[in-house]
Amino acid sequence: MRPTQFLKKKVKMNKKFYVTTPIYYPNDKLHIGHAYTTTLADYINRFKKLDGYETYFVTGSDEHGQKIEDRANEAGKEPLEFVTEIIEGFKNLWVELGIEYDHFIRTTDETHKEFCKNKFTELLNNDFIYKGEYSGLYCKPDESFFTETQLVDGKCPECGREVTEIKEESYFLKISEFQNFIEEKLKKGNILFPESRVNELINNFVNDLQDLSITRTSFDWGIQINEDQKHILYVWLDALLNYVSTFEYGLKDGWTADSVWGKDSEVEILQLVGKEITRFHSIYWPIMLEMIGYREPKVLAHGWIVSDQGDKMSKSKGNVVDPIELIKKYGKDSLRFYLINNIETGKDGKFSEELLIENINGIIVNKFSNLVSRTSAMNKKYFDGIVPKASNQTEVENKLWKTINKLVDEYKEQVNKYEFSDSLKTAIRIVEELNGYIDITEPWKITVEEGLDTVINTLIKGIYVSTAVLSPALVESSKKISDWLQKDLKLDFENLDFDGIEIGEIEHLFERIK
Ligand code: MSP
């Protein structure tokens with residue numbers, strides 16, 4: 001027997017990526033602000049899959065708390081019945097928007113509730129929790145407590161509404177003991193993106209870090225703790241733990257809480273949040289994780305979709321836009337494209353239907369769809385729908401591929417740095433290069449001897465590349481193109497070969513909006 005036969009076969013481990021959205025409150029239907037977060041999560045998740053990662057994507061609903069209880073009462077329903085109807089709407093929106101999540105977690109699931117109770121017990125036994133009395137200023141709509149100094153003009157610093165003083169017995173998490181820990185983590189960097197948010201967070205919250213009230217006694221709709229019948233978990237501990245409890249459901253082989261959150265894990269974790277809940281995810285959450293022996297995630301704090309006046313789009317301001325209506329009118333790809341492209345990741349951005357239409361007509365139709373339909377038509381006309389071999393690649397093609405390769409690298413780097421809007425703009429630059437190539441080569445004027453076959457062959461390969469990089473945004477049309485080209489999309493462009501494949505003509509992709 002040769003010695004090599006004793007060697008263990010090297011198992012190639014897949015790179016792993018875990019991505020989450022906040023779990024949304026089911027007190028109303030979702031608007032495009034919520035659709036924005038989930039679209040960004042789906043964008044990077046699809047990118048990672050394309051790039052060879054094994055991924056796990058969780059979204060869900062944050063169902064407990066006084067606000068939900070009140071809304072259910074107003075509607076004359078039991079809380080669970082009330083939220084279940086709303087959640088059907090959430091799930092439908094994610095289908096309509098082409099969101100490919102692995103788990104929709106509900107905080108009312110038995111598995112999650114059990115997990116939270118056990119974690120509470122563990123934290124209590126390990127002396128991270130004590131019983132005390134809470135007296136503080138509470139904003140019900142935001143489910144948040146504030147100190148006097150955090151108020152703005154005596155009102156909630158986040159939504160500007162009235163706060164009420166609340167005094168009650170409560171269990172506390174010893175957050176303040178971790179002030180140095182969290183400050184060092186944040187200052188070291190590479191855990192909160194964009195990094196410009198770090199100082200803001202340290203100045204506004206870390207410098208005056210208080211223990212966190214984690215139970216309430218004044219309402220019932222929540223997870224009752226094992227140790228004390230009258231206490232239910234205050235929503236944030238319950239909510240944040242979903243990011244770990246999701247692995248208790250055993251949905252995907254090889255994905256366990258320890259293997260993802262364990263300190264020596266190599267799984268890349270990205271949690272998307274709107275900027276208003278960054279402090280929960282970048283201060284309290286890493287501390288809770290440290291208490292239970294886990295490591296901290298990377299958090300991407302995105303900006304808000306705002307009205308023309310710069311106000312956050314929200315139900316209470318009466319300025320919300322329904323994503324379902326937009327999808328019905330313009331299709332999922334267009335809305336996804338707009339949200340990723342037009343709102344610079346990390347900054348606030350406006351939504352307007354005019355801008356959406358500008359994106360559709362000016363970029364998706366004029367640049368991308370046009371490139372595909374022109375190429376398809378030429379391949380049909382000159383080669384009967386069969387992709388020709390490239391008989392003579394010239395300096396023009398060499399230069400084009402050099403540029404495209406550079407742009408692909410730039411695109412990948414941008415997605416990996418969570419600069420999604422920039423990455424999509426880079427993807428479109430590849431499309432522009434290909435359109436420029438058509439302008440230079442003028443295929444309708446040349447014969448095969450003059451290189452027509454090379455031009456069409458190059459365009460088909462170029463379309464494959466641009467479709468692959470656009471596919472995390474344009475999920476529906478990229479599928480049609482990959483079906484047409486009879487090749488699954490991947491971010492691997494070595495040895496692309498479509499020679500001799502009969503592809504016929506592609507079906508119509510996008511409608512210009514009048
Ligand atoms: N339930 C909490 C999150 C708990 S996570 C452990 C919550 N839910 S929410 O329903 O209010 O949704 C908040 C999320 O929706 C924000 O983080 C943000 O991602 C998104 N947005 C809501 N309005 C938004 C805009 N106008 N613009 C962009 N995103 C916004 O907070």
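I started at the ligand: one of its oxygen atoms is 2.5 Å from an N or O atom in the side chain of T37. I counted a polar contact as a pair of N or O atoms within 3.5 Å; within protein, one must be able to donate a hydrogen and the other to accept it, and residues adjacent in sequence count only if both atoms are side-chain atoms.

The model is predicted, with local features needing pLDDT of at least 70 and side-chain atom pairs pLDDT 80 or more, while totals for chains, interfaces and linings use all residues. Residues are numbered from 1 along each chain as its sequence is written, and side-chain values use heavy atoms, without hydrogens and water.

**Ligand, continued.** A backbone N or O atom of Y25 sits 3.0 Å from a ligand oxygen atom. For M313, a backbone N or O atom is 2.9 Å from a ligand nitrogen atom.

**α1 on α14.** I took helices as DSSP runs (H or I, at least four residues), numbered from the N terminus. Helix α1 spans residues 32–50 and helix α14 residues 395–416; their axes come within 11 Å and cross at roughly 130°. Axes are lines fitted to C-alpha atoms over the stretch in contact, and angles run from 0 to 180 degrees between N-to-C directions. That makes α1 oblique to α14. Under 35 degrees counts as roughly parallel, over 145 as roughly antiparallel, 65 to 115 as roughly perpendicular, and the rest as oblique. From α1, Y43, I44, F47 and K48 meet Y411, K412, V415 and N416 of α14 (heavy atoms within 4.5 Å). I sorted the residues of this contact into five nonpolar, one polar and two charged.

**α1 on α15.** Helix α15 covers residues 420–441. I read an angle of about 55° to α1, with the axes 11 Å apart. The two are therefore oblique to each other. L40, Y43 and I44 in α1 touch F420, S423 and L424 in α15.

**α14 on α16.** Helix α16 runs over residues 452–470. It packs on α14 at about 5°, axes 12 Å apart. That makes α14 roughly parallel to α16. I noted residues of α14 in this contact, among them W401, I404 and Y411. On the α16 side, I noted several, including T458, K461 and V465.

How values were computed: Nonpolar A, V, L, I, M, F, W, Y, C, P; charged D, E, K, R; others polar.
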